[in-house]
Amino acid sequence: LWPTARALALYFGPLLLGIGAAWLIERSAIRTHSRGPRVSDAQANALHALNLALTLLLPCAYSYWGDLSYGAGIVLLLLACTLFMKLTSWAHAHHDLRLANAEALEESAAQSPPPPGATHDFSSLAATISRFATDVQHTESAAHYPHTVTMPRLLYFVFAPTLCYQEAFPRSPSVRCCAAS
């Protein structure tokens with residue numbers, strides 16, 4: 001017996017809503033030279049907290065008052081708890097990256113103001129972030145915040161078997177079967 005489209009929408013809707021909201025909140029909190037963030041750091045933290053609460057509460061409410069079987073309710077709550085932990089890591093990591101970005105922008109503005117219409121040189125941000133980074137040599141790319149706030153990176157993190165968000169995850173060129181087992 002296959003679930004109906006309505007059941008699938010109610011089942012996965014809150015989880016997808018949480019992923020989309022986390023990405024939109026972070027995109028709104030990015031600060032650049034040309035403009036300030038659309039939401040402040042405190043507002044972004046409050047929005048992340050609200051998103052995290054809804055990521056847990058909506059599946060709990062649906063499993064309690066909905067017409068889910070026990071097995072489906074358990075699976076939904078396990079997925080919601082896992083997503084809650086992943087989005088908490090996403091929010092904490094990006095809070096630190098926002099602070100490092102703001103510090104780097106303030107340092108570069110104090111050194112020399114950019115000409116109108118110029119883009120920001122993120123080398124000072126990379127230096128600030130590198131103070132907190134570990135020595136991972138083989139990463140996916142050299143992109144740094146705010147260029148790493150993309151939906152594909154968030155989705156990769158959601159489906160990756162880790163609960164700790166990083167800007168770039170170390171990868172090997174191929175799957176090593178002996179190491180994976």
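Thr55 touches Gly18, Ala80, Leu83, Phe84 and Leu87, leaving aside residues up to four places away in sequence. Contact here means heavy atoms within 4.5 Å. The model is predicted, so local features need pLDDT of at least 70, side-chain atom pairs count only at pLDDT 80 or more, and totals for chains, interfaces and linings use all residues. Residues are numbered from 1 along each chain as its sequence is written, and side-chain values use heavy atoms, with hydrogens and water left out.

Thr55 is found in helix H2. Its relative accessible area is 1%, so Thr55 is buried. The cut-offs are under 20% relative accessible area for buried and over 50% for exposed, with partly exposed in between (1.4 Å probe, protein chains only). The side chain of Thr55 also reaches the backbone oxygen of Asn51, at 2.7 Å. Such a polar contact is a pair of N or O atoms within 3.5 Å; within protein, one must be able to donate a hydrogen and the other to accept it, and residues adjacent in sequence count only if both atoms are side-chain atoms.

Helix H2 covers residues 41-65, 25 residues in total. From first C-alpha to last, H2 reaches 36 Å, close to the 36 Å expected at 1.5 Å a residue. The expected span is 1.5 Å times one less than the number of residues.

The protein chain as a whole has six helices and zero strands. Its pattern along the sequence is α-α-α-α-α-α. Helices (H or I, at least four residues) and strands (E, at least two) are DSSP runs, numbered from the N terminus. Of the 181 residues, 30% count as buried. Among contacts with a separation of 6 or more, 69% come from residues 24 or more positions apart.

Salt bridges were then examined. Side chains of opposite charge can pair when their charged atoms come close. The criterion is a side-chain nitrogen of Lys or Arg within 4 Å of a carboxyl oxygen of Asp or Glu. By this rule the count comes to two salt bridges. Arg98 forms a salt bridge with Glu26, with the closest N and O atoms 2.7 Å apart. Arg98 lies in helix H3 and Glu26 in helix H1, so this pair ties together parts that are 72 residues apart in sequence. Arg98 counts as buried because its relative accessibility is 7%. Glu26 counts as buried because its relative accessibility is 0%.

Arg98 also meets Asp41 in a salt bridge, at 2.7 Å from N to O. This pair links distant parts of the chain, with Arg98 in helix H3 and Asp41 in helix H2, 57 residues apart. Asp41 counts as partly exposed, because its relative accessibility is 22%.

At 4% relative accessibility, Lys86 counts as buried. Its side chain reaches the backbone oxygen of Thr162 at 2.6 Å. Beyond residues up to four places away in sequence, Lys86 touches Phe157, Val158, Ala160, Thr162 and Leu163. Lys86 and Val158 are 72 residues apart in sequence, yet their C-alpha atoms are 6.7 Å apart in space.

The accessible surface of the protein chain comes to about 11,400 Å². Carbon and sulfur atoms hold 67% of that surface. Accessible areas come from the Shrake-Rupley method with a 1.4 Å probe; for residues, only the protein chains shown count as cover. Leu8, Phe12, Leu16, Val75 and Leu79 form a nonpolar patch on the surface, with about 420 Å² of accessible area together. Patches are made of residues with over 30% relative accessible area and no salt bridge; like charges are joined within 9 Å, and nonpolar side chains (Val, Leu, Ile, Met, Phe, Trp, Tyr) within 5 Å. Helix H1 (5-28) and helix H3 (70-111) each supply at least two residues of the nonpolar patch. The largest share, three residues, comes from H1. Leu16 lies in helix H1. Leu16 counts as exposed because its relative accessibility is 58%.
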